[in-house]
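This briefing sets out the backbone and packing features of the chain shown below. Please read it alongside the sequence and the structure.

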Amino acid sequence: MAKNPTDIQNVVMICNGSDCKKRGAKEIGKALRGCAREHGCKKSTMFVRTKCTGLCKNAPVVCVQPNNKWVTKATPEKAILALQAALLS
Ligand code: FES
C-alpha cells in the first residue's frame, strides 16, 4: 500500500461481515491482492476490509473505486474483472 495517500489511485472494499466471510471474502481478497501485484499496482491500490455493508443477500460483496463498481455474489474471477477494469482505465 502507498505510504502517501495521494498515491492511492484505486480503493477496493471487501466486505468482511459474517455472511461474506462464510462465502469466501478472504479468498477473494487474496485473489485481488495478487491481481494488483501482477499489474504492478500494489502500491497504488488500497484494500479495505469493511464491516457488513447491508447487502448480505448478495454476499460476498466487493466494491472497487473510483469506478464505483459493486460486485455482488462475488467470486475471485468476477472481482478480478472489476479490479482489472479500474486498473486499466
Ligand atoms: S456480511 Fe457482507 S454484506 Fe453483510
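Helix α2 has 14 residues and reaches 20 Å from its first C-alpha to its last, close to the 20 Å expected at 1.5 Å a residue; the expected span is 1.5 Å times one less than the number of residues. Helices (H or I, at least four residues) and strands (E, at least two) are DSSP runs, numbered from the N terminus. The model is a predicted one, in which local features need pLDDT of at least 70, side-chain atom pairs count only at pLDDT 80 or more, and totals for chains, interfaces and linings use all residues. Residues are numbered from 1 along each chain as its sequence is written.

**Helix α2**

- A25, I28, L32, C35 and A36 of α2 are buried; a residue is buried if 20 or more other C-beta atoms lie within 10 Å of its own, exposed if 12 or fewer, and partly exposed in between, with C-beta atoms placed from the backbone.
- The buried residues of α2 fall within an arc of 95 degrees when seen down the helix axis, so they line one face of the helix; the arc is that of the directions from the helix axis to the C-beta atoms.
- On the other side of α2, K30, R37 and E38 are exposed.
- The buried residues of α2 pack against β1, α1 (18–22), β2, β3 and α3, where contact requires C-beta atoms, placed from the backbone, to lie within 7 Å.
- G40 follows α2 and has a positive phi, near 70 degrees.

**The sheet**

- An open sheet is formed by four strands in the order β2-β1-β3-β4, with mixed pairing; two strands pair if DSSP finds at least two bridges between them.
- Strands β2 (45–50) and β4 (69–71) stand at the edges with a single partner strand each, so one side of each is left without a neighbour in the sheet.
- From one strand to the next, the twist averages 15 degrees; axes are lines fitted to C-alpha atoms, for helices over the stretch in contact, and angles run from 0 to 180 degrees between N-to-C directions.
- Four bridges join β1 (residues 10–15) and β3 (residues 62–65) in the antiparallel sense, and V12 has V64 in β3 as its bridge partner.

**Helices on the sheet**

- Helix α2 (residues 25–38) packs on the sheet and touches β1, β2 and β3, its direction making about 165 degrees with that of β1.
- Helix α3 (residues 76–88) also packs on the sheet, where it touches β1, β3 and β4, and its direction makes about 170 degrees with that of β4.

**Cis peptide bonds**

- A59 and P60 are joined by a cis peptide bond with omega of about -5 degrees; P60 lies in the loop between β2 and β3.
- Q65 and P66 are likewise joined by a cis peptide bond, with omega of about 15 degrees, and P66 is in the loop between β3 and β4.

**Loop residues**

- N68, in the loop between β3 and β4, has a positive phi of about 55 degrees although it is not a glycine. N68 is exposed, with 8 other C-beta atoms within 10 Å.
- K73, in the loop between β4 and α3, is a residue other than glycine with a positive phi, near 45 degrees. K73 counts as exposed, with 12 C-beta neighbours inside 10 Å.
- G54 lies in the loop between β2 and β3 and counts as exposed, with 10 C-beta neighbours inside 10 Å. The C-alpha atoms of G54 and G24 are separated by 17 Å, and the two residues are 30 residues apart along the chain.

Note on methods. Contact = placed C-beta atoms within 7 Å.
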